[in-house]
Amino acid sequence: MKTSTMMLLLLGLAALLCVLAPSGMAGQGLSPPFTLTAVSVSGEHPESASLSPSLTIPAADWPQLQRDPQHTGTSSQQVNPPYRYYWRWNEVPFASRTQPVVADNRLFIGSLNGTMYALDADQDAGGGTPTILWSRDVGAPIRDTAAVYNGRVYFGAYDGRVHALDAATGNPVWSFQTGGGVAAAPVVDNGVVYIGSTDGVFYALDAATGALRWTYNAGAPILTSAALSADGQTVYFGAEDIYAYALRTSDGQLRWRTRLQGQSLAERWPVVVGNTVIYRSQPLRNFHFLLHEGDDVMDQAGAVNPNWAADWAAVRPRIVAHLTANPDRQTFFALDGATGALRGVAPVLYTYGDGDAPAPPVVKDGALYLVYRARHGIQTDGGSVHVTTRYDAELGRMDLSTLDITGLTATQTFNYQMRYTSDEPAMLSIGGNLLFVDNWERLGALNLQTGALIAIANVANYWPACPPPDGQCPAWGGPMPFFTTWPFPGPQVGEGVTHRPLVIASGRLFWRVVDGGLASIGPAGTLALSPATSGGSSLPLSRTAEEGPGVTATASLTPYVWTEPVRPVSNPPADLVQQLNDEVRRIVDAGGHLLPYFLERGFTTEMLFPGDTLYPEEPPGLAACHPGNIYWFDPGELVYTLSIAYPYLSSDLQSRVQSYLSAEMARYPPLEPLPWPPEWLTNGVARETYPVSFRPNCWPPPEPPLSTLYALWAYARYTGDWAYVQNRWSQIDALFDRKKGSIDSYAAISGAIGYARIARQLGRTADAAEGEQVAVQAMTRGLNFQQFLTTANARYPDPRDQRTGWRAPVFFGLVPEVGRYISDTNRITATAYLNDLTDSDGVFLWYITRLGLQAEIGESSFHGPDLAWSVFLAKAYVEGAGRSTLRRYLDRPWGLGDVYYLQKLVATIEATGIEDTTPPVISNVQVLGVTFYSATVAWQTDEPATSEVEYGLTSSYSSRITQGGAVTEHRVAITGLRPDTLYHFRVCSTSAGGRSCSGDGTFTTLHGYSLFLPVIFRK
């Protein structure tokens, strides 16, 4: 071959390699139907002097949630197309339930990092980053919308404080401490701030001074934002007992309360129009089931009539009859504002998606505009096909005098202008004659005057999580993408897909974009715009922890078998001990078997913990319940929890607990499988604060896990009832023999420890020795943290069989001895995994009782109780977090007999005040060996720590490489880079004391030919 030909071939091959370098690219038990009731409490107290509304909202402002105290969601301002971005911002982790508010051309929005921001709402930054006028760190997550009133910004934070800041400067004016976390927006008028707390108390505070005017104790967490009547004399809110409340604003006296339906009123708000108040609730049933059921209900009317009005006239009575006969399907409630009486059953089938509470309506000219389901509408008749339902969601206008709905029409065929699909979140707001539809994937509008459909913006044209070919997302080249391409730059943390509607103010549209973005959109000019740059080529991070030198082999694992926890600890904190006594007393006062706690939170797997079954040969070999998720069904789990609480209980309560456990252990023996049929699911005392009209079935029937033996040891050890285990030794021995050869979880290790201790106490020396041997062998296998982690993630996938590990199932069922063993042998690796899981791009609000979905893949409305439980136990028993730290993570119980909460209380009581809080110090960061496709980054730390490099095309760092081993000399190779490209990076390291990161650095990869050709010529 000629030299010239060889040269051309080599050049072509080099170019090809450069191009190929990765680029940025069952049956159920039924109970009687629940009847919606109203309790009127009027005339008990004399009315005070009439309160006249004092709030006048300038046309250009949107100062509170959904603009005004009645939450109409409507502005007189009309911002007409065509549009462009004035600025875009995605540098802060906003809760998706946080709506920006605007007053005097300032925009205010709080973040999950605990900071309230003020931006220039009138700014035109050409699509770039907005100007931050001021910011104020309040030290706790801000989970909902602020309110601006008389030059001050009012909002709540999750440490329970309500804040007032000066709107011009951000300087603190006052703060007020509630007894729980604040997860709702305030409503402000007549010089009063009204807001509820998770402590179940509703507060009225003086807007000028923060002084308490009055309180009302609803007795259940308040997660709904309040609204005011038009005359300002009544404040409406909802609580998690699923009651709607109306209080007199003058003194907080109850006017009425009405029981609604569903499992939560969280993240929503009442809407007041005239003398009617509208509530929306989260359904008990799975949203996918409800959507298909809705199709069937509508089709009872026969063939679809091509005439819209005639078809709806046939469909509507079918819907009303169905919702009347099945009240637990109702999610839309129109109540008389004066009495709380239901005005009738509205013909509104469930639609919204992800299992969340549906979107509240908006009000214009006395009419309600809402998303509902019909067999005709803009989308359905426009050819919209979505998931597997026959009919999509539609836009309608409700006449409150009849509760009838008229479908909205359009003058053009539906395409990609908007989405208000049955199974995805879509929120409404109105500006002038434009009805805006803010969907998780795009923003659009309908002109109510002309019928024109308006395409405004979408999240990204390339979004693998929402691929265009199936019609769910914008087609290629959709309108105004916020991001260039996926993966989007961080922080990608909102708090679930519980959306907030578009805001119309200051002649702009302010859009809360999925995954934490915020945009200002206004009338288009001549400025050319490009989408916000997103990251490089990496896929989403998998939550793994690699084995390495972080594993420490101990001289002997035997001490973990025989060293018991110190219990009770000396000088336990009196307030926590009292709280523990109170929660346990609620259990024994219930006077019977507690039913498992039921949740329906969308598409999640239904694998139970503990998941042992009598039929392990049936995949997946774990018990599963349908429909929904249940918690706290295992008899051994109850025995363990009450036993470790026992030493801290008063003597009279100890006696009652022994009696209670005696009855419960006779009813459902912890050493025997739960029976079939599952009366343990249907006969007993409900744990939920909300009414549950049905109970799921579980199959296969769960059997005792090995960890039951640790629970029985704890029972005998702390109550002194060794006779129970003595009389059941044969069952204990049989369970141990069945399970001892398959220990592959940290929870099961505790069972071997419990067996050994019981055997020793009963004088069974040989059995005790065998138990010790099995426990040590299991702990030896558990030195491979990655193996146990992988096994746990595979056993408890969530959701849709995704092995994400977001629930930290590797720490399910952790006890102090096993936690200490992990800490002593695998602390760095386990801590790195925990920090990766709970950092700003993960579930960093893991401890919140009702945490809006973070990080988890799929369609679910919130995280269940197991996430906060597993991470909390790891923080306490592996990381050794101090009592002050654990106190901040306690939050509140989910319901009656929340055994996870009780375990967390005990762990906090027993924690010390000593903890390592000093993260590693990073120094001497260097970039070595840069090629056209790779680079090596090196640095040092002052103590052994993990190695992590975050990198990307911007300082948002779209990619990450993590090494789990604990070292002081760090070296990480990055490959798969683009040639001749500037990269930003930073290094991070984690030790037992925490995580630290360097500042931003850069390097530029070499040109593709400069390295490649010389290598070939040497050959």
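Biologist: In this predicted model, how many of the residues of strand 23 (residues 332-336) are buried?

Modeller: Strand 23 is mostly covered. Phe332, Ala334 and Asp336 point one way from the strand, Phe333 and Leu335 point the other way, and all are buried. The number of buried residues in strand 23 is therefore 5 of 5, each being under the 20% relative accessible area that defines burial.

Biologist: Which residue is the bridge partner of Tyr279 in strand 23?

Modeller: Strand 22 (residues 276-280) pairs with strand 23 in the antiparallel sense, over 5 bridges. Within strand 23, the bridge partner of Tyr279 is Phe333.

Biologist: Is strand 10 (residues 152-156) largely enclosed or largely open, and how many of its residues are buried?

Modeller: Strand 10 is joined to strand 9 (residues 147-149) by 3 bridges and to strand 11 (residues 161-166) by 5 bridges, with an antiparallel run in the pairing with strand 9 and in that with strand 11. Strand 10 is largely enclosed by the rest of the structure, because its count of buried residues is 4 of 5.

Biologist: Which residue in the turn between strand 9 and strand 10 has a positive phi?

Modeller: Strand 9 and strand 10 form a hairpin with 2 residues between them. Ala147 has Tyr154 of strand 10 as its bridge partner. In the turn, the residue with a positive phi, of about 50 degrees, is Asn150.

Biologist: What is the phi of Gly160, in the turn between strand 10 and strand 11?

Modeller: Val153 stands opposite Leu165 in strand 11. Strand 10 and strand 11 form a hairpin with 4 residues between them. In its turn, Gly160 has a positive phi of about 95 degrees.

Biologist: Which residue of strand 35 (residues 517-523) is the bridge partner of Phe510?

Modeller: Strand 34 (residues 508-513) and strand 35 run antiparallel and are joined by 5 bridges. In strand 35, the bridge partner of Phe510 is Ser520.

Biologist: Is Ser506 buried or exposed, and what is its relative accessible area?

Modeller: Ser506 is found in the loop between strand 33 and strand 34. Although Ser506 is not a glycine, its phi is positive, at about 50 degrees. Most residues other than glycine have a negative phi. Ser506 is buried, since its relative accessible area is 8%.

Biologist: What is the relative accessible area of Asp891?

Modeller: Asp891 lies in the loop between helix 17 (883-889) and helix 18 (899-910). Its phi is near 55 degrees, a positive value in a residue other than glycine. Asp891 counts as partly exposed because its relative accessible area is 22%.

Biologist: What is the omega of the cis peptide bond that joins Trp699 and Pro700?

Modeller: Most peptide bonds are trans. A cis bond joins Trp676 and Pro677, with omega about 0 degrees, and Pro677 lies in the loop between helix 8 (651-667) and strand 39 (694-695). Pro700 lies in the loop between strand 40 (697-699) and helix 9 (708-719). For the cis bond of Trp699 and Pro700, omega is about -5 degrees.

Biologist: At what angle do helix 12 (residues 746-761) and helix 13 (residues 765-782) pack?

Modeller: The axes of the two helices are 7 Å apart, and the packing angle is about 160 degrees. An angle over 145 degrees counts as roughly antiparallel, so helix 12 is roughly antiparallel to helix 13. Helix 12 passes helix 13 in a left-handed crossing. The angle asked for is about 160 degrees.

Biologist: How many of the residues in the contact of helix 12 with helix 13 are nonpolar?

Modeller: From helix 12, the contact includes Tyr746, Ile749 and Arg760, and from helix 13 it includes Asp767, Val774 and Met779. The contact residues also divide into 2 polar and 4 charged, and the nonpolar residues number 12.

Biologist: What distance separates the C-alpha atoms of Ala945 and Ala832?

Modeller: Ala945 lies in strand 42 (residues 935-952) and counts as buried, at 0% relative accessibility. Ala945 and Ala832 are 113 residues apart along the chain, and their C-alpha atoms are separated by 8.7 Å.

Key. Residues are numbered from 1 along each chain as its sequence is written. This is a predicted model: local features need pLDDT of at least 70, side-chain atom pairs count only at pLDDT 80 or more; totals for chains, interfaces and linings use all residues. Side-chain values use heavy atoms; hydrogens and water are left out. Axes are lines fitted to C-alpha atoms, for helices over the stretch in contact, and angles run from 0 to 180 degrees between N-to-C directions. Angles under 35 degrees count as roughly parallel, over 145 as roughly antiparallel, 65 to 115 as roughly perpendicular and the rest as oblique. A crossing is left-handed if the near helix is turned anticlockwise from the far one by less than a right angle, and right-handed if clockwise. Contact means heavy atoms within 4.5 Å. Ala, Val, Leu, Ile, Met, Phe, Trp, Tyr, Cys and Pro count as nonpolar, Asp, Glu, Lys and Arg as charged, and the others, Gly among them, as polar. Buried means under 20% relative accessible area, exposed over 50%, partly exposed in between (1.4 Å probe, protein chains only). Two strands pair if DSSP finds at least two bridges between them.
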